[in-house]
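Here's a quick briefing to read alongside the model. Take a look at the structure first, then go through the notes by topic.

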Amino acid sequence: MASPPDTSKTIKLERYNSYLRKLNSTKLINASSKLLFRATLLVALILVFIFTINYPPLSADSGGGGNHLHTHRNFISSAFYGGSGQGGAAWEKQVRHSSTPRRPNGMSVLVTGAAGFVGSHCSMALKKRGDGVLGLDNFNNYYDPSLKRARQSLLLKHQIFVVEGDLNDAALLSKLFDVVPFTHILHLAAQAGVRYAMQNPQSYISSNIAGFVNLLEVAKAANPQPAIVWASSSSVYGLNTENPFSELHRTDQPASLYAATKKAGEEIAHTYNHIYGLSLTGLRFFTVYGPWGRPDMAYFFFTKDILQGKQIDIYKTHDAKEVARDFTYIDDIVKGCLGALDTAEKSTGSGGKKKAPAQLRIYNLGNTSPVPVGKLVSVLENLLNTKAKKHIITMPRNGDVPFTHANVSLALRDFGYKPSTDLPTGLRKFVKWYVGYYGIQSRVKKEMEKNSNQLPEESA
C-alpha cells in the first residue's frame, strides 16, 4: 500500500507566505500611519501659521508692530485672494453704497485712517451733510484697538463702511478705485506719536512715507484723478523759535523722526503735484483733543491717571519755563478739514500725466491760544473733582518741543477757518465722553453736571 504524500513542506510554505503577507501588511499600515501623521502635522502647522499672520496677538509691539504684521497679512491675502483679500458682489455693494453721495453735487470721499480719532469725526461730518464716505483703516495696535472698533461701530450706525486694509496694499487700493470713482481723498492714516518713534522707527517710514507714496501712486493713475487733502503736523516746525508759527517759517529742523516723516510727506506732495498734476492740500494739525480721542495724548492719559490716583509727569523746559501747547478741539479741526475739501480744486492729470498746473496748498489748523500744560491739569482736576499727584520734571530730549502756537490767518482767508472752542469747554466735553465710555464713578458725573450749569454748551 502506497504511503500518503508528505504535505508538511507545503503547510510550512503556506505558513511562511502567510507570515510574510502579515508582516508586509503591518509595515504598510505603519508606513501609512506615519505618512498620515506627518501630513496632518504639516497641514496643522500651515493653518497655525496662516492664523497667526492674519490674527496677530494684541500683546505684539504696538503701532509699527501692527504695520509689520499687516504687511505679512497682505502677502497671505494676495496669495489666496488675488491681491486684496477682499471682493465679491456683497463687498462691492457695501463699498458703492457707502461711497455714494446723497446730496446734489456731493463728494465721494475715501477717508484713510477712518477708525482713528480725526478720521472718524470727519467721516461722520461728511456723511451727515450728504457726501459719500468710504473708510480705510488697518486697525493696528499702536493704542487699544477696541477703541478703534468702537469708532467703527459708530460709523456703521451712520452707514459708513470701513474697509480693513493697509496703505501698502496696492492691490486693495486699486480695487477700491476700480469700484468707486472717488472725487476726493482725505488722507488721515499715519503712524502718530513723537516719542514712540524712538522705539519703533520703521513703522513711521512704512506708514508715513511708503504708505503715502503708495496712495499717491494709485491716485495719479486714477481716471479721474481725485483731489487730495492730507494730514501733516505742527511738528514740522521743529526747532523753529518764531511765534506764532506761520506757514512761511522754516521747517527744515525737525526735532523728531515723526516730524521728519511729515516734512518728507510735504516734499513728496510737492513732487506728485509738479510731475503728475495731483491737487494736494496739507493740513498742519496742532494738538487735537476731544471725545473719542487718542489714549497716547497727555490730556487722555492724565485723565486716566488722575482718576486712578497715579502720579503724572508735568514737563518744564531746560530753562525752567512751562511747556505749552496750542490745544485744538476736534470740532474745529473737522471744520478745517471740510473747508479744505470744499475749496480743493480738481487734479489736472490724466493717465498718469500732468495736463496743466495743479493746486498745491499747506495750512495751519490750530486754536491760536497756547495753554501751559499745568493749566490743562488744573482744568482736569476741577472737572474730575480729584487732585492730581503732580511730578514736575525737566523735559527729556525725546523729540517733543516746548511750545506751539498756530497762526491760522491763511486758513481763515481761504476757507473761513475760525476756531471757537476754548480749552475748558473742550475738556468738559471730553471728560463727559470719557466717564460715559469707561463707566466712571458717580462723583465725577456729579461734578460734570455742576460744570455743565456753569459753562455754555457749544454746538458740534
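The sulfur of cysteine 122 sits 3.8 Å from the closest cysteine sulfur, the one in cysteine 337, and that is too far for a bond. A disulfide here is a pair of cysteine sulfur atoms within 2.5 Å, and by this rule the count is 0 disulfides. Bear in mind that this is a predicted model: local features need pLDDT of at least 70, side-chain atom pairs count only at pLDDT 80 or more, and totals for chains, interfaces and linings use all residues. Residues are numbered from 1 along each chain as its sequence is written, and side-chain values use heavy atoms, with hydrogens and water left out.

**The two cysteines**

- Cysteine 122 is buried, at a relative accessible area of 0% (buried means under 20% relative accessible area, exposed over 50%, partly exposed in between, using a 1.4 Å probe and protein chains only).
- Cysteine 337 is buried too, with a relative accessible area of 0%.

**Around tyrosine 276**

- You'll find tyrosine 276 in helix H8, residues 257–276 (helices are DSSP runs of H or I with at least four residues, strands are runs of E with at least two, and both are numbered from the N terminus).
- Tyrosine 276 has 18% relative accessibility, so it counts as buried.
- Leaving aside residues up to four places away in sequence, tyrosine 276 touches Lys220, Gln225, Gly349, Gly352, Lys353 and Lys354 (contact means heavy atoms within 4.5 Å).
- With lysine 220 there is also a side-chain to side-chain polar contact from tyrosine 276, at 3.4 Å (a pair of N or O atoms within 3.5 Å; within protein, one must be able to donate a hydrogen and the other to accept it, and residues adjacent in sequence count only if both atoms are side-chain atoms).
- Leucine 216 is 60 residues from tyrosine 276 in sequence, yet their C-alpha atoms are 9.7 Å apart in space.

**Helices H11 and H13**

- On the H11 side, Leu376, Val379, Leu380, Leu383 and Leu384 meet Leu423, Pro424, Leu427, Arg428 and Val431 of H13.

**The chain overall**

- The chain has 14 helices and 15 strands.
- Of its 460 residues, 51% are buried.
- Among contacts between residues at least 6 apart in sequence, 82% join residues at least 24 apart.
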